[in-house]
Amino acid sequence: MSKTSRFFLTLIVVGLAFIAGVRLYRAYESYAAQQAQEEETATHTFNNVPIDYRPSVEQEPVLKQLPQEGEKQEIFLEDAPLPPQQARQQAQETIVSVLNDYRQDPKIQAFYDDLKNATGEDITLAQLSGTDLAHLLQTYPQLQAVIAKHAQDPEFAKTLQEIFTNPQFVQSVAVLQNTSNQ
């Protein structure tokens, strides 16, 4: 074997030894980190399995003093449920009230104007939100075109979203739908 062959063979063996040393050192580092982490997290072991024990804190009972005879006491009264006819009337009035808040909106006014031009009658969102919608669409098929035209306007859609997410409006529509289903 020549001197250059021995030199390169030695260089290869030293390089492999260096790579093996680096890998062994990295394995040792990860093993040491894992051992340190196990020692930090668990102080108790059972059969060489770490146990994380934290004693539970018992809550003290809350003592409440009873009211004396002369003290004022808060009493909350709830209204009795309305009869179905009055509940329906109140729901209709609430819907009209909520929609009147948006009557000055220019997009709503344009919608009402288009409804009047298409049908010749003053049709409002209150009528379209009620139980008459199917009858109105059957009577005036052109309503669908007007509704579709205005539904494409993002500002009009945003205004309708505000109306339809109003909790009073939603509750009133639910009352009207329940009374019409019964």
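I began with the secondary structure and found that the protein chain has eight helices and two strands, where helices (H or I, at least four residues) and strands (E, at least two) are DSSP runs numbered from the N terminus. Read along the sequence, the elements follow the pattern α-β-β-α-α-α-α-α-α-α.

I note for the record that this is a predicted model, in which local features need pLDDT of at least 70, side-chain atom pairs count only at pLDDT 80 or more, and totals for chains, interfaces and linings use all residues. Residues are numbered from 1 along each chain as its sequence is written, and side-chain values use heavy atoms, with hydrogens and water left out.

**Whole chain.** I looked up burial and found that 16% of the 182 residues of the protein chain count as buried, taking buried as under 20% relative accessible area, exposed as over 50%, and partly exposed as in between (1.4 Å probe, protein chains only). The protein chain exposes about 15,500 Å², of which carbon and sulfur atoms supply 54%; accessible areas come from the Shrake-Rupley method with a 1.4 Å probe, and for residues only the protein chains shown count as cover. For contacts (heavy atoms within 4.5 Å), I noted that among those in the protein chain with a separation of 6 or more, 57% are between residues 24 or more positions apart.

**Salt bridges.** I searched the whole structure and found three salt bridges, each being a side-chain nitrogen of Lys or Arg within 4 Å of a carboxyl oxygen of Asp or Glu.

I looked at Lys-107 and Asp-153, whose side chains meet in a salt bridge at 3.1 Å, N to O. This pair links distant parts of the chain, with Lys-107 in helix α3 (residues 106-119) and Asp-153 in the loop between α6 (143-151) and α7 (154-164), 46 residues apart. Lys-107 is partly exposed, at a relative accessible area of 29%.

I then took Lys-149 and Asp-114, which form a salt bridge through their side chains at 3.1 Å, N to O. Here too distant parts of the chain are linked, since Lys-149 lies in helix α6 and Asp-114 in helix α3, 35 residues apart.

I finished with Asp-122 and Lys-116, whose side chains pair at 3.4 Å, N to O. Asp-122 counts as exposed at 58% relative accessibility, and Lys-116 as partly exposed at 42%.

**Helix α7.** I checked which residues of α7 are buried and found Phe-156, Thr-159, Leu-160 and Ile-163. Seen down the axis of α7, these buried residues fall within an arc of 100°, so they line one face of the helix; the arc is that of the directions from the helix axis to the C-beta atoms. The face of α7 turned away from the buried side carries the exposed residues Pro-154, Glu-155 and Lys-158.
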